[in-house]
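Keep the viewer open as you read.

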Amino acid sequence: MNRLPYEAKVKIFRRMNYMPNPEHIEFHKDDANEVFVAGGWRAGKSVVVAAEATPHTLIPSPRPYKIALIGPTYNEPREEFNYIVEFLSSALPRHQFDPERHVSFPKEGKCSLTIPKQGETYFATVETYTAQEAENVRGFNADAVVICEAGGISEDSYKAIVGRTLSTGGFIIASGTMEKSQKWYHNKIKTGQVVNDEGIKSFKFPSWFNLVAFAGGREDPKILRAERLLDSETFAIRIGAEPIRVTGVALKQLTQDHIQPCPFDPDLPVEMWVDPGHTGAYSVLAVQRYDNQIRIIDEVYVRFLSTPDVVRICERKEWWPNIEDDDPGVIDRAAKQRQAATGSSVLDVWFQEAGLWMGMTEQIIPVEDGLEQARIHLSMPNHV
């Protein structure tokens, strides 16, 4: 399925009672089959992306077809799904689409809707999925995909989603925010800003594109107030939807001269440095020691996945067989805290799922002290 031409979508937009802002029309006119959208706070990207998807649910077809809304969990696609239901309720008469009969919208879990066929003519089924389902569920293909909070899924999940549209030739629209998003998503936004060999396009929706919330646009008093209160980098990322990294959380002494390729050495053992994190983030570094060097050979960074999911991802890595049972690595000290829902700690789950008992230290080192040691180390001559 290719994206509909703008002229065809406009007719349906009117029936949907959707009037795009002038700032969003360029996105709706675009016809690329792989599009990335970065939105600022309250930019209205969920409405715009759902509006773009809705006309494609009404394409007559001789066979049933599917539009998938995919997020890190079931929770992220719910907003776009709800907007699609509202748009269809406006665009279609009740006998053709009745939310009470044709929509499943539970408080939690998978949502779905089906526009009933007319005679031998089919229309779309829209379902929500998790990124993990996109990687693991067999027999799941989609004619189009909307990725919701794309920056919160792993690059492996994104590649699996591409595979779900391979046989159908369906389009992919990936939307998200720059804050706390993964590097691959940042790179896609940057790449799509210019003509590129990948054939992707990207669009930035700064907060002031939402003229309902910010009637004055870029000069709206609420936007100007945020600009005064936030530092320039935070404003650029959270409000301006700019794909940049916050230098305040990085070591400015770290340059390209400190970085070199560290391929996996199959003759050396591997340790894992595990940080279950917070706000959905989960990180595992694969490390090998060579002479006096510590080499980071790989990283697993995901969001909104459980420890068993992370274990499964690590088990598929080429370095996994080199993990030593008696010294598998270390984990954040908070991992020993037991969860009320399960009665098990993250430390317990790693042992239950992989038979590995991680080490930890009880010594608390302040963040700034650790950063200072890193700065000193980076300042040493000939350090790589």
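Tyr158 and Trp184 are both buried, where buried means under 20% relative accessible area, exposed means over 50% and partly exposed is in between, using a 1.4 Å probe and protein chains only. A word on ground rules: this is a predicted model, in which local features need pLDDT of at least 70 and side-chain atom pairs count only at pLDDT 80 or more, while totals for chains, interfaces and linings use all residues. Residues are numbered from 1 along each chain as its sequence is written, and side-chain values use heavy atoms, with hydrogens and water left out.

Back to the rings. The structure holds 13 aromatic pairs; rings of Phe, Tyr and Trp (its six-membered ring) pair if their centres lie within 6.5 Å, and planes under 30 degrees apart count as stacked, over 60 as edge-to-face and the rest as tilted. Phe13 and Tyr18 make an edge-to-face pair, with 5.0 Å centre to centre and 80° between the planes. Both of those residues, Phe13 and Tyr18, are buried. Tyr158 and Trp184, in turn, are stacked, at 4.6 Å centre to centre with 20° between the planes. Tyr158 belongs to helix H7 (residues 155–164) and Trp184 to helix H8 (residues 183–191), so this pair ties together parts that are 26 residues apart in sequence. Those element names come from DSSP runs, numbered from the N terminus: helices are H or I with at least four residues, strands are E with at least two. Elsewhere, ring pairs link Phe27, Phe203, Phe205 and Phe209 into a cluster.

Rings also take part in contacts with charges. Here a charge sits over a ring if NZ of Lys or CZ of Arg is within 6 Å of the ring centre and within 35 degrees of the ring normal. The charged end of Lys110 does this with Tyr129, 3.6 Å from the ring centre. Arg295 lies over the face of Tyr290, 4.3 Å from the centre of that ring.

On a 1 Å grid over the protein atoms alone, a cavity is a set of points where a 1.4 Å probe fits but cannot get out, while a pocket is an open set with protein on both sides within 12 Å along at least five of seven lines; lining residues have an atom within 4 Å of a point. Grid points are joined across faces, edges and corners, and a volume is the space filled by probe spheres set on the points. By this rule there is one cavity of 30 Å³ or more. The largest cavity has a volume of about 60 Å³, and its lining includes Pro72, Gly152, Ser157, Gln182 and Arg303. Helix H6 (131–136) and strand S11 (293–303) are the elements that give two or more residues to that lining.

The second largest pocket has a volume of about 360 Å³. Of its 23 lining residues, Lys45, Ser46, Glu79, Glu149 and Thr177 lie nearest its centre. The elements giving this pocket two or more lining residues are H3 and helix H4 (78–91). Helix H3 (residues 45–53) is mostly covered, with eight of its nine residues buried; Lys45 and Ser46 are among them.

What is the phi of Glu149? The value is near 55°, positive in a residue other than glycine. Glu149 sits in the loop between strand S6 (144–148) and H7, and it counts as partly exposed at 27% relative accessibility. Ala241 also has a positive phi of about 55° without being a glycine. Its place is the loop between helix H10 (232–239) and S9, where Ala241 counts as buried at 0% relative accessibility.

Finally, head towards helix H12 (residues 346–354), in which Val346, Leu347, Asp348, Val349 and Trp350 are buried. The buried residues of H12 pack against strand S9 (271–275), strand S10 (281–290), H11 and S12, with contact meaning heavy atoms within 4.5 Å. Just after H12, Gly355 takes a positive phi of about 70°.

Asn322 is in the loop between helix H11 (307–315) and strand S12 (329–331), and at 17% relative accessibility it counts as buried. Leaving aside neighbours within four places in sequence, Asn322 is in contact with residues including Phe264, Asp265, Pro266 and Val270. A polar atom of the Asn322 side chain lies 3.0 Å from the backbone oxygen of Pro266.

Conventions. Polar contact = N/O pair within 3.5 Å; in protein donor to acceptor, adjacent residues only side chain to side chain.
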